[in-house]
Amino acid sequence: MELSFVTAALRRRWWVVAAFAVLGLIPLFFAGGSASNTYESVALLEVLPNDDTRVSGTADRYVLSQVEELTSSSIAEDVAAQLSSADQAGQVQRATTIEQTPETDIVVVRVRQTDDPERAQLIAQTIVATYIDRLEEAENSARAADIAAYDAELEALDLQLDAANDAIQTAMQPFILRVGEPNFSVPPVDIVIPSAVSDRTLLTTEIQRLAQLKAALEDQESKINTRIVQPATLPGAPIAEGDGLIRIAMFVALSLLGVTVALLWARFSTKVLDEVAVEEVLDVPVSTTLGRNRQLRQDPMVALTRLPQELIGAVDHLAVQAEALASINQPLRIAVVGSQRGAGTTTTALALAARFAAAEYSVVVVDADRRDPWVTDVFGADQHGGVPALLGAGEGSDRIFTRTSEPDVRVLGLGAEGAALRRESVPSLVSAVSTAANVVIFDGGPLMDAAATVELCHNVDAIVLAVPEREQRTDVLVTVARQIAPVRERLLPVLTHPTRAEAVRTRPTDSVYDATSWNPGPAGDPGPASSATNGTNGSSGNGGRKRPAKASRSSD
């Protein structure tokens with residue numbers, strides 16, 4: 001997923017992210033904070049292996065193994081048995097949290113109890129004391145086994161020593177009986193029975209050695225290195241619950257969910273996302289963007305009489321690009337069409353007319369939207385000959401054009417139901433109206449509404465395609481791009497904002513829409529369009545000053 005897509009999607013659907021973020025903020029501001037009544041007692045253990053214990057692997061492997069021992073159910077059962085029958089091993093385990101302090105041999109034992117700080121301290125102290133007692137029991141058990149082995153050996157040696165002494169006594173008995181005889185002396189024992197004497201000496205030495213080892217083992221100090229660093233504390237106040245972090249985490253999670261929803265919405269939406277998507281479909285750069293304006297959205301007539309200041313630059317930029325597509329000293333013919341209904345073609349056409357009039361060009365706005373002749377209705381052009389008269393369908397009509405409040409802007413109405421505007425009559429219409437003004441602007445409506453509108457695009461110098469940025473369907477734009485491909489080099493896409501479905505159709509009271517007879521002169525001669533003496537000359541960029549009705553396009 002490209003960064004440009006993500007940025008455009010979030011910019012378009014920012015309110016989705018904002019809505020989810022607001023949902024995440026609700027617990028932060030409105031959740032009731034009940035007072036905590038949980039007490040926590042903390043005890044610290046320094047867990048080190050015995051001096052004669054070999055530890056393989058990482059330095060804290062032994063500590064981790066002892067943490068597992070502390071959390072075992074056997075210790076919990078011992079603690080529960082020592083406290084009272086009311087405490088079960090499961091309750092002790094649920095109340096206890098045991099963890100190693102990172103990169104140290106310190107193990108923290110935490111016990112939480114509700115409304116009973118003394119109980120929390122008692123359980124925590126019992127846990128660490130039971131753990132130390134079990135280590136001592138294990139050491140004593142190992143020592144007792146060694147002492148028992150020494151006792152067994154000493155007992156066997158004593159039996160062997162008794163047997164040696166018995167053998168010596170038996171061997172010496174005959175000599176003892178002769179004691180008292182003249183000239184008789186008892187021979188030495190080592191001469192009478194040397195083997196028994198030797199065995200007795202060896203056995204006596206071994207018995208003494210084993211007795212010393214046993215005594216040393218019995219007097220040996222404990223080799224347990226694990227100790228209680230901090231006895232269990234007595235909680236003085238309830239702990240602060242971590243629901244604040246939970247609420248912050250909820251806010252972050254919902255915000256991220258909003259971002260995900262916005263991206264998925266943009267990904268599977270049937271409407272174009274942004275300017276980049278429009279350019280990809282049309283294969284033509286977007287010329288300009290007509291920003292959102294509430295007045296224009298309600299009444300397109302504002303584009304002709306008082307174009308908002310913030311839109312003047314965009315309209316000027318579009319007009320320059322359109323004029324660059326025409327030949328020098330030839331009338332400029334512009335078709336303003338929409339990618340779909342409600343794209344803002346009338347607003348764009350009137351804005352261009354006001355801009356060219358401000359540059360002292362004579363302008364004719366031709367209503368070519370058969371389904372919605374807004375220009376014809378508002379300017380009262382249905383009372384004049386219009387397109388049928390210009391094409392010769394209304395013979396004898398001396399009133400063809402309708403004058404506006406702008407001296408240099410006239411309107412060519414569609415006529416009765418647009419009957420004269422057919423595909424085959426478009427070339428003749430473009431040729432005939434080109435002799436009436438320096439600039440001819442066709443308000444064509446949606447491109448795909450009529451074949452005549454498509455034909456119109458093939459007979460003009462510039463095609464302004466109004467694309468409603470937030471409402472344009474992708475499939476419709478693809479169809480428009482395929483239809484307009486042969487004249488793509490004359491295409492000027494403009495991003496607009498949707499207009500009201502039913503724009504204001506009331507004829508303004510501060511403008512004059514009067515008929516004028518039209519006597520075609522040389523090509524580019526607009527006739528007596530500037531002869532109006534009534535009406536208001538307000539338009540963008542002119543400050544209400546009078547302008548000549550005729551100007552050569554080469555003088556701009």
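Okay, quick definition before anything else: when I say two strands pair, I mean DSSP finds at least two bridges between them. And keep in mind that this is a predicted model.

So, let's start with strand β7, residues 363–367. In β10, the bridge partner of V363 is V439. That contact belongs to a parallel pairing of β7 with β10, residues 439–446, made over five bridges. β7 also runs parallel to β9, residues 409–412, with four bridges joining them. There, V366 has L412 as its bridge partner.

How many of the five residues of β7 are buried? Five of the five, so the strand is largely enclosed by the rest of the structure. As for directions, V363, V365 and D367 point one way, while V364 and V366 point the other way.

Next, rings. The count of aromatic pairs comes to one. That's F356 with Y361: the centres are 6.0 Å apart and the planes sit at 25°, so the pair is stacked, because planes under 30 degrees apart count that way. F356 is buried at 0% relative accessibility, and Y361 is buried, also listed at 0%.

F356 has another neighbour to mention: R355 lies over its face, 5.4 Å from the ring centre. Elsewhere, R410 puts its charged end over the ring of F401, 4.6 Å from the centre.

On to salt bridges. A search of the whole structure turns up 16 of them. I'll pick out a few.

One of them joins R227 and E46, at 2.8 Å, N to O. Those two are 181 residues apart, with R227 in strand β4 (residues 227–230) and E46 in strand β1 (residues 38–46). R227 is partly exposed, at 47% relative accessible area.

Then there's K214 with D151, where the closest N and O atoms are 2.3 Å apart. This one links helix α8 (residues 194–219), which holds K214, to helix α6 (residues 117–177), which holds D151, across 63 residues. D151 counts as partly exposed at 30%.

My last pair is D449 and R341, at 2.5 Å, N to O. Which parts does it tie together? D449 is in the loop between β10 and α18, and R341 is in the loop between β6 and α14, so the bridge ties together parts 108 residues apart in sequence. Both ends are partly exposed: D449 has 26% relative accessible area, and R341 has 38%.

Key:
Residues numbered from 1 in each chain as written. Predicted model: local features only at pLDDT ≥ 70, side-chain atom pairs only at ≥ 80, totals over all residues. Heavy atoms only, no water. Phe/Tyr/Trp six-rings, centres within 6.5 Å; stacked < 30°, edge-to-face > 60°. Buried < 20%, exposed > 50% of the residue type's maximum accessible area, 1.4 Å probe, protein only. Lys NZ or Arg CZ within 6 Å of the ring centre and 35° of its normal. Salt bridge = Lys/Arg side-chain N within 4 Å of Asp/Glu carboxyl O.
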